[in-house]
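Trainee: I have this model open and would like to go through it slowly with you. Could we take it piece by piece?
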Amino acid sequence: MLEICQLCGGYGRKEVLKNINAAFSHGTITSVIGRNGCGKSTLLQMCCGLLKPASGRILLDGRDISEMKHIELARKVSYMEQVHTVGNITVRSLVSHGRFPYLGYPRRLTEYDRHIVEDSMRRAGIYDFAESSIAELSGGQQQRAYIAMLLAQDADVLLLDEPSTYLDISSQLELMRIAAELKLSGKTVIMVLHDLNMALSYSDITLVMKDGGVIAALPSAEAAERGFIQEALGVSVFYDEKTGHYFFGKDEIHEKSNT
């Protein structure tokens with residue numbers, strides 16, 4: 001379990017997160033939602049050790065991640081950032097980076113590592129571009145390559161910051177299928193998503209953030225029904241039982257549609 005206890009901090013003297021408390025169980029998918037600038041990305045960066053909190057603790061299976069060596073933490077927690085720095089390397093080389101936490105010196109892939117790399121590219125739907133340069137791919141293809149690298153890392157906790165960026169609807173659904181597979185294998189998947197329908201439909205828990213704090217961390221249907229999403233984002237949530245889909249809008253728009 002990943003636990004966040006009274007977490008505060010940000011960038012330098014700028015406090016972004018304010019007394020965050022949350023827990024993420026193994027075998028679950030959590031979507032983190034909120035307005036731009038509310039601290040979603042900062043939260044993920046602290047959970048993987050990229051940023052140090054000003055106060056509070058982050059525990060992984062009861063152990064403070066600040067006590068872990070970098071390579072040990074990388075075997076347990078993987079992170080896909082929102083914006084990628086695209087280098088002039090092949091897809092295969094990029095995905096192979098996911099195996100680095102498991103390699104000794106010199107960093108030479110074993111037959112087992114190569115198998116995982118191959119399998120990860122297939123699962124992410126990018127295998128046909130294995131020998132292509134990342135810089136030559138479309139945004140969606142690049143995103144698939146980075147998802148494959150995360151799969152190759154095979155960490156217990158996966159932190160994904162807006163992983164559906166650049167993906168078409170078919171690829172977004174494929175991403176959710178992969179997330180569901182990871183959940184069933186016991187992984188902890190935590191995603192920052194802006195697509196509310198996708199967040200509510202595919203997540204076990206929706207964590208709602210506002211102004212650097214967490215105002216709800218509840219089963220997704222409950223978070224919608226109790227008005228926390230409206231409080232954080234200024235939109236109302238309507239669930240259509242016939243279609244099984246969520247719809248969003250201002251209250252006055254919904255009222256007019258029923259007159």
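Trainee: Which strand does Arg63 lie in?
Mentor: Arg63 lies in strand 5, residues 63-64, where strands are DSSP runs of E with at least two residues and helices are runs of H or I with at least four, both numbered from the N terminus. Keep in mind that this is a predicted model, in which local features need pLDDT of at least 70 and side-chain atom pairs count only at pLDDT 80 or more, while totals for chains, interfaces and linings use all residues. Residues are numbered from 1 along each chain as its sequence is written, and side-chain values use heavy atoms, with hydrogens and water left out.
Trainee: Okay, and is Arg63 buried, exposed or partly exposed?
Mentor: Arg63 has 33% relative accessibility and therefore counts as partly exposed; buried means under 20% relative accessible area, exposed over 50%, and partly exposed in between, with a 1.4 Å probe and protein chains only.
Trainee: What does Arg63 touch, leaving out residues up to four places away in sequence?
Mentor: With those left out, Arg63 touches Ile58, Met68 and Glu72, where contact means heavy atoms within 4.5 Å.
Trainee: Switching to helix 1, how many of its residues are buried?
Mentor: Seven of the eight residues in helix 1 (residues 40-47) are buried, so the helix is largely enclosed by the rest of the structure. Among the buried ones are Lys40, Gln45 and Cys47, and helix 1 is followed by Gly49, which has a positive phi near 90°.
Trainee: What about the largest nonpolar core, how many residues has it?
Mentor: That core has 49 residues, and Val91, Ile126 and Ile229 have the most contacts inside it. A nonpolar core here is a set of buried Ala, Val, Leu, Ile, Met, Phe, Trp, Tyr and Cys residues joined through side-chain atoms within 4.5 Å.
Trainee: Which helix gives the most to this core?
Mentor: Helix 5 does, with eight residues. There is also a second, separate core of 29 residues, which includes Leu17, Leu44, Cys47 and Met209.
Trainee: And which residues of helix 4 meet helix 5?
Mentor: Ile116, Ser120, Met121 and Arg123 in helix 4 meet Ala148, Leu151 and Ala152 in helix 5.
Trainee: How do the axes of helix 4 and helix 5 cross?
Mentor: The axes of helix 4 (residues 111-123) and helix 5 (residues 139-153) come within 8 Å and cross at roughly 135°, the axes being lines fitted to C-alpha atoms over the stretch in contact, with angles from 0 to 180 degrees between N-to-C directions.
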